[in-house]
Amino acid sequence: MDNEYILEMKGITKQFSNVEVLHQVDFKIKKGEVHALMGENGAGKSTLIKILTGVYTKDAGQVFFNGEEIHPSSTLEAQQLGISPIYQEISLIPQLSVAENIFISREIKKKGFIDWKEIYKKAEEILKDLGINIDVRKPLRSYGTAIQQMVAIARSIMINSKMVIMDEATSSLDDDEVQILFNIIRKLKSQGISILFISHRLPEIFEISDSITILKDGSLVGEYPTSSLSRTELVSKMIGRNAEDVVNYKRTNRQIKDEYYLRAKSIKSGVKLRGINLDIRKGEVVGLAGLLGAGRTELARVLFGIDHKDSGSIEINGKEISFKLPREAIKYGIAFCSEDRKVEGIIPNMTVAENLCITNMKKVSYFGVINKRKCSSIAEEFVKKLRIKTPSIAQNIKNLSGGNQQKVILARWLSMEPDFIILDEPTRGIDVGAKKEIEDLIRQMSSQGISILLISSEFEELVRNCDRIVVLRDGMNAGILDGNDISEDKIMNLIANGNMAVGGN
Amino acid sequence: MIRAKLKGNGAWLAVAILVIIPAIVFKEKFFSLTNLLNVLRQSSMIGLISIGMTCVIITAGIDLSVGATVALSAVIAAMLTSRSIVLAIFIPLVIGVTIGLINGVIITKLKVVPFIATLAVQMAVRGIAYIITDLKSVAVAEDALPFIFIGRGYLFGIPVPIIILVIAAVIMIMTCKRTTFGRSLYAIGGNEDAARKMGLRVDRNIILVYILTGLFSALAGIILCSRLGAGQPVSGSGWEMDSISSVAIGGTLLTGGVGSIEKTMAGILITTLIGNIINLQGDINSYVQKIIMGAIVLVVILVQKRTMEKEN
């Protein structure tokens with residue numbers, strides 16, 4: 001029992017239909033430490049986690065948990081051993097109450113029947129311990145993502161776990177919520193619980209983790225104390241090449257002609273948009289910064305005709321317009337890559353080619369009949385141009401990695417030769433390598449004269465790519481940064497200006 | 001009134017209205033004991049099936065094989081009455097369980113969607129009922145008095161089928177509310193993938209829920225056979241739809257995860273009371289009843305949809 005490590009995985013090997021996805025991987029986590037597992041998409045992180053949680057069985061190697069060798073063959077078994085995963089998509093039941101979500105499958109019983117009173121009491125206690133005061137009898141879906149995430153954590157604490165796995169648990173949280181989560185992680189740590197932490201956001205890794213294990217192409221790169229690595233070193237090790245150009249890409253100030261593509265004046269819509277001005281010149285990349293709920297996505301939706309403005313005016317190429325439907329905006333040469341590519345972007349069961357041609361049916365069809373060959377040739381062209389990694393254009397898009405799915409969506413819009421592209425969090429949830437390629441693409445597009453509105457929660461991304469940055473706060477303009485004024489600090493200042501607190505970064 | 005519906009007890013409110021208004025209009029005719037018991041006895045068989053159906057629908061499934069199961073169990077019960085009354089009850093129940101097991105295994109192991117799986121089973125079961133009877137009605141043995149008692153008898157002045165329904169409902173309400181199995185049905189219907197990751201025994205419980213429905217359908221078949229004094233291979237056709245609409249009218253969401261057996265019981269009462277009012281009216285064509293039921297189902301579904309949208 002007196003082992004320094006809570007988890008030791010030795011020589012883990014796993015094959016899928018003769019392709020080795022994990023090769024002799026060693027992975028160790030100490031008791032009470034926050035350990036980050038890093039690697040690009042496809043590096044083997046999730047396979048390793050799935051072996052640990054009993055979803056997959058390993059082909060070779062040994063797993064020791066708390067000093068004993070284990071062979072979990074189901075998630076239930078892994079949970080019983082004290083390994084609790086908290087997934088990227090929240091894996092709870094929205095219709096059931098908060099309390100029930102914490103206790104389901106291990107209900108407190110009295111005389112064989114579930115004792116609801118006791119469950120409500122206990123659930124309240126556990127959440128209070130985490131600093132959350134909510135009505136545990138209400139259905140889970142009446143609370144936001146952050147609370148749901150906390151409920152998932154409460155559940156794993158209740159299960160009395162010794163190790164909690166957080167797989168991209170922060171990807172849907174805003175900065176404040178991430179801080180709340182981090183406080184909970186610190187609390188768990190002080191109780192001796194180990195945390196296996198996976199996140200695409202590098203600043204988070206450096207803020208919360210004690211050590212980092214890096215995987216690449218299914219093999220172990222190494223294990224390092226977090227304090228010994230710089231951000232650049234970490235990325236270099238993950239992508240296996242020099243990452244200076246990714247992380248330290250310096251923005252260059254470009255000269256942009258004073259020719260306006262879009263001028264939006266005092267746009268108001270509902271409670272979210274309370275009078276926003278936005279100008280975009282031809283070939284300009286304008287960043288839209290602000291906290292979640294500041295009106296970024298809402299503004300984009302109005303520009304694209306999904307939602308409607310209550311007042312204000314939008315001019316495109318000097319002509320006042322007002323789109324009632326996205327169709328009209330598309331006809332006008334506007335493209336919109338939405339934030340949630342799983343829900344709004346891709347059609348999972350259609351092929352890469354079909355996904356690519358779907359908004360451009362006119363170009364590939366005659367009298368409503370689709371010309372498959374034409375669609376394929378367009379798809380081939382863009383797969384090559386954007387270096388989309390796919391076995392073929394006939395592959396189902398759901399089998400592609402997140403970064404490549406994003407590229408297909410970009411290609412879909414590019415194939416229509418738009419004048420203006422709205423990109424809402426284009427690099428969310430994709431790995432560093434793919435991210436760089438998407439950013440390259442943004443620059444390429446703008447140099448061809450396409451105007452771009454880039455919405456992003458990552459200030460660095462905005463600083464690297466934008467000619468101008470418009471900062472929103474509470475549905476209004478908080479300020480505009482231009483040229484040499486653009487820096488992360490200044491964005492943060494503008495957002496924080498007033499009584500808003502900013503966490504993270 | 002719509003606002004009250006949103007609070008989740010709308011179905012019972014509707015039941016109250018359906019009792020009070022006709023009571024005023026028809027007076028003692030409506031309130032006579034025989035009429036009330038008739039209303040309830042009519043409900044009992046669809047009621048039993050709907051208990052199972054509710055559980056299936058809570059898991060986001062559907063069971064179209066219940067009507068055929070009623071027919072098969074009814075004819076087999078009738079055939080066995082001449083040999084042994086114990087067998088005439090026991091064997092149909094075993095058959096109901098087996099049909100449920102087949103449904104559950106096709107759905108969970110062969111991964112066929114419930115609609116198609118149970119549709120296929122429905123056809124097969126109905127076919128078996130036709131073949132073994134050669135499409136003829138099978139009479140219950142005349143000396144099988146205890147068997148006849150199930151459908152026609154009274155205990156303490158209450159028809160036996162009603163007593164069976166009430167007992168079954170109480171047991172299943174408790175099961176749904178206060179057992180791990182019951183709660184896992186809600187979890188499966190709410191988010192099957194999450195339920196699996198939470199370590200719930202998803203496949204086993206889905207199979208169990210179809211077995212329960214098969215069991216209740218067989219029980220309904222036995223009662224029907226006993227009431228009619230015969231097992232008819234064509235009986236129970238369309239009952240799956242009557243049952244599904246009662247579940248929906250009660251307020252259980254067909255999308256899964258939300259609902260209860262209490263609601264379904266209210267749904268059963270609503271459908272039966274409306275039928276009864278139409279009968280008492282006398283001059284309304286009984287086919288009109290179908291149209292009214294259709295309209296009610298539609299209204300209920302629309303209200304549900306509005307509620308969902310509001311919550312989001």
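Two strands are said to pair if DSSP finds at least two bridges between them, and helices (H or I, at least four residues) and strands (E, at least two) are DSSP runs numbered from the N terminus. The structure described here is a predicted model, in which local features need pLDDT of at least 70 and side-chain atom pairs count only at pLDDT 80 or more, whereas totals for chains, interfaces and linings use all residues. Residues are numbered from 1 along each chain as its sequence is written, chains are lettered from A and ligands numbered from 1 in the order in which they are written, and side-chain values use heavy atoms, with hydrogens and water left out.

The secondary structure of chain A comprises 19 helices and 24 strands. Of its 505 residues, 54% count as buried, a word that means under 20% relative accessible area, with exposed meaning over 50% and partly exposed in between (1.4 Å probe, protein chains only). Among the contacts in chain A with a separation of 6 or more, 65% are made by residues 24 or more positions apart, where contact means heavy atoms within 4.5 Å.

In chain A, six strands form an open sheet of mixed pairing, in the order 6-9-10-3-11-12. Its edges are strand 6 (83–86) and strand 12 (219–225) of chain A, each of which pairs on one side only, and the twist from one strand to the next averages 20°. Angles of this kind run from 0 to 180 degrees between N-to-C directions, and axes are lines fitted to C-alpha atoms, for helices over the stretch in contact. Strands of a sheet pair through backbone hydrogen bonds, either parallel or antiparallel. Strand 9 (residues 163–167) and strand 10 (residues 194–198) of chain A run parallel and are joined by five bridges; the bridge partner of I165(A) in strand 10 of chain A is L196(A). Helix 8 (residues 231–239) of chain A packs on the sheet, where it touches strand 3 (34–38), strand 11 (211–216) and strand 12 of chain A, and its direction makes about 30° with that of strand 11 of chain A.

Strand 10 of chain A also holds F197(A), which counts as buried because its relative accessibility is 0%. Leaving aside neighbours within four places in sequence, F197(A) is in contact with residues including V34(A), H35(A), A36(A), L37(A), M166(A) and F182(A). The C-alpha atoms of F197(A) and M38(A) are separated by 8.8 Å, although these residues are 159 residues apart along the chain.

Two packed helices are described by the angle between their axes and the distance between the axes. In chain B, helix 4 (residues 66–80) and helix 6 (residues 114–133) pack at an angle of about 25°, with their axes 8 Å apart, and are therefore roughly parallel to each other. By contrast, helix 8 (residues 160–178) and helix 9 (residues 180–190) of chain B pack at about 70°, with their axes 5 Å apart, and are therefore roughly perpendicular. Angles under 35 degrees count as roughly parallel, over 145 as roughly antiparallel, 65 to 115 as roughly perpendicular and the rest as oblique.

A further residue of chain B, N103(B), is found in helix 5 (residues 85–108) and counts as buried because its relative accessibility is 0%. Not counting residues up to four places away in sequence, N103(B) touches D63(B), S65(B), A117(B), T118(B), V121(B) and Y210(B).
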